[in-house]
Amino acid sequence: MKEKKTVLNEKSRFYRMITEICAEEGISLESAAYGWAFRMRKGERSGFLYGYRFGLNSAAAADICNSKSTASELLLGSGIPAVPHFGFLPPATARFAGQDGSLTELEELRRRYGILILKNDTGTGGTEVFPVVTEEELSQAAEKLFSAGKTIAASPYVSIAREIRVVILDGEAKLMFSKQRESVTGDGHSTLEELIFEQVVKNQTDPKTEKEKYADTKEKKLPAGPFTDAEFHEWELTEVPPEGTVVYLNWKHNLGQGAVPEVLEREKDPGEWDALEALAVRAAKALGIRFASVDVIEEEAAGDKKVLEVNCGVMLEHFSGCSGEYYQRAKEIYREAVKKSLENSFVISEG
Ligand SMILES: Nc1ncnc2c1ncn2[C@@H]1O[C@H](COP(=O)(O)OP(=O)(O)O)[C@@H](O)[C@H]1O
Ligand SMILES: [Mg+2]
């Protein structure tokens, strides 16, 4: 008897949405790889989903998007405003890029830009993204990434006012939301530690006591230097932020790291919506992709909009968990993508 694999991904909202859509559309569905892969069949058509990828983009285009440095190089080459990412292969394979695997060129970039962000070139979720200011920080971060066999994407630090996710399907924006980082606002008399406890930690729904939560506050990730990712220093926690001052608890905008989506509606600001859509569509066209989420940042200084990254896998897991309405919005986008990828798919001949 064939052994049935545990479906680890079964609990994800993505799995639920795909299952619901296929049942509603009369599409038969078979899952594999612990629920991370699907084969869909309707009539003589058959199509696949893998991770959050649909069969709407070519494999080459999807791999190009997956590499932050390759995508940014191609975007900038097409004259599209994008945050530059320079690729550095780990020592074992550096020769394929004409590099020597040393940190010399990275160090030059650090000196040129002052602050660099080093990332896993193909990372997601903001988990392998390190700010480096000093030479020592650079070698530590590079060592961490290289020793794990990762290619490094090095990017000059940009002061980001807002990061917006634009979901594009066939040249049209289907959804936009900004990612609001977790923050506290000074009241002029509470210390940062007290504000974090009152506004964030106390309201967290976990079974810990208030005392335990208070102890945890000291561990809370708070600002250090230009970044708010490192733990707060003791002296920062005991400072009293002036009334009305917003202190962000993380410098990264990932929803998986506490940021909250705020949906942008076209009616509210058509000018802004159209500008974001135009940029995201240009990026998608330049990379030859039909379905993607394009992350756009707005720079603090001049308010310039630039593409930060393009994801060919459209992940709306955190977004769809925020409310029933957001779940429906995500599901309708996936429904359209499922239908289109089946239309696009090959015809199976049984036998
Ligand atoms: N060059 C940069 N300057 C400033 N912040 C950055 C830069 N690159 C990334 N970040 C911050 O780090 C977060 C994660 O980086 P990103 O490139 O999107 O990687 P991931 O694919 O892991 O989400 C972004 O949402 C942004 O807040
Ligand atoms: Mg990101």
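Modeller: Asn66 touches Thr122 and Cys312, leaving aside residues up to four places away in sequence. The model is predicted. Asn66 sits in helix 2, residues 59–66. Its C-alpha lies 6.6 Å from that of Asn311, although Asn66 and Asn311 are 245 residues apart in sequence. Is Asn66 buried, exposed or partly exposed? Burial takes 20 or more C-beta atoms within 10 Å. Asn66 has 19 such neighbours, so Asn66 counts as partly exposed.

Next, the ligand. The shell around ligand 1 holds 19 residues, and Gly126, Ser155, Val158, Lys252 and His253 come nearest. Strand 6 (116–120), strand 9 (160–169) and strand 15 (305–311) each give two or more residues to this shell. By type, the shell divides into seven nonpolar, seven polar and five charged residues. Domain 2 (64–83 + 160–181 + 255–314) and domain 3 (84–157) each supply at least three of the shell residues.

Last, a helix pair. Two packed helices are described by an angle and a distance between their axes. Helix 3 (residues 68–77) packs with helix 9 (residues 270–287) at about 105°, and the axes are 10 Å apart. An angle of 65 to 115 degrees counts as roughly perpendicular, so helix 3 is roughly perpendicular to helix 9. Helix 3 makes the contact through Ala71, Leu74 and Leu75, and helix 9 through Ala283, Ala286 and Leu287. Six residues of this contact are nonpolar, with no polar and no charged ones.

Terms used:
Residues numbered from 1 in each chain as written. Chains lettered and ligands numbered in written order. Predicted model: local features only at pLDDT ≥ 70, side-chain atom pairs only at ≥ 80, totals over all residues. Axes fitted to C-alpha atoms, helices over the stretch in contact; angles between N-to-C directions. Helix = DSSP H or I, 4+ residues; strand = E, 2+ residues; numbered from the N terminus. Parallel < 35°, antiparallel > 145°, perpendicular 65-115°, else oblique. Contact = placed C-beta atoms within 7 Å. Nonpolar A, V, L, I, M, F, W, Y, C, P; charged D, E, K, R; others polar. Near = placed C-beta within 6 Å. Domains from an automatic or database assignment. Buried ≥ 20, exposed ≤ 12 C-beta atoms within 10 Å, placed from the backbone.
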